Amino acid sequence: MSGDDYPVVANEEGIKLKTEKMVPDQLYHIIHEGKVFLFYKDEDSLLHCYEVENPDAVKEIAENPSQLESILKKYAQPS
């Protein structure tokens, strides 16, 4: 998806969602104010939002966004 088609964008006013462009059950992310925000719309068109504050996870996601799901799984494991 190109930048204009990506349904999650951030600017000085905050995060803006274009839910009509979201594919159900696909995970979308954005880094805003040092946190990663995760969004997905389920089959019933309910929007889900999660926030990742762990600085190590945020750094890894910023450096390797294509590895988002594996990074999230790694940090979800109990230490």
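The model is predicted, so to speak of local features we need pLDDT of at least 70, side-chain atom pairs count only at pLDDT 80 or more, and totals for chains, interfaces and linings use all residues. Residues are numbered from 1 along each chain as its sequence is written, and side-chain values use heavy atoms, with hydrogens and water left out.

Let's start with strand 3, residues 28-32; strands here are DSSP runs of E, at least two residues, and helices are runs of H or I, at least four, numbered from the N terminus. Buried means under 20% relative accessible area, exposed over 50%, and partly exposed in between, with a 1.4 Å probe and protein chains only. Strand 3 runs antiparallel to strand 4, joined by 5 bridges; pairing takes at least two DSSP bridges. Isoleucine 30 has phenylalanine 37 as its bridge partner in strand 4. Between the strands of this hairpin sit 2 residues, and glutamate 33 takes a positive phi near 55°.

Now to lysine 35, in strand 4 (residues 35-41). Lysine 35 is partly exposed, at 28% relative accessible area. Beyond four places in sequence, its contacts (heavy atoms within 4.5 Å) are Ile30, Glu51, Val52, Glu53 and Val58.

Finally, the helices. Asp56, Ala57, Glu60 and Ile61 in helix 1 meet Leu68, Ile71, Leu72, Lys74 and Tyr75 in helix 2. Thanks, everyone!
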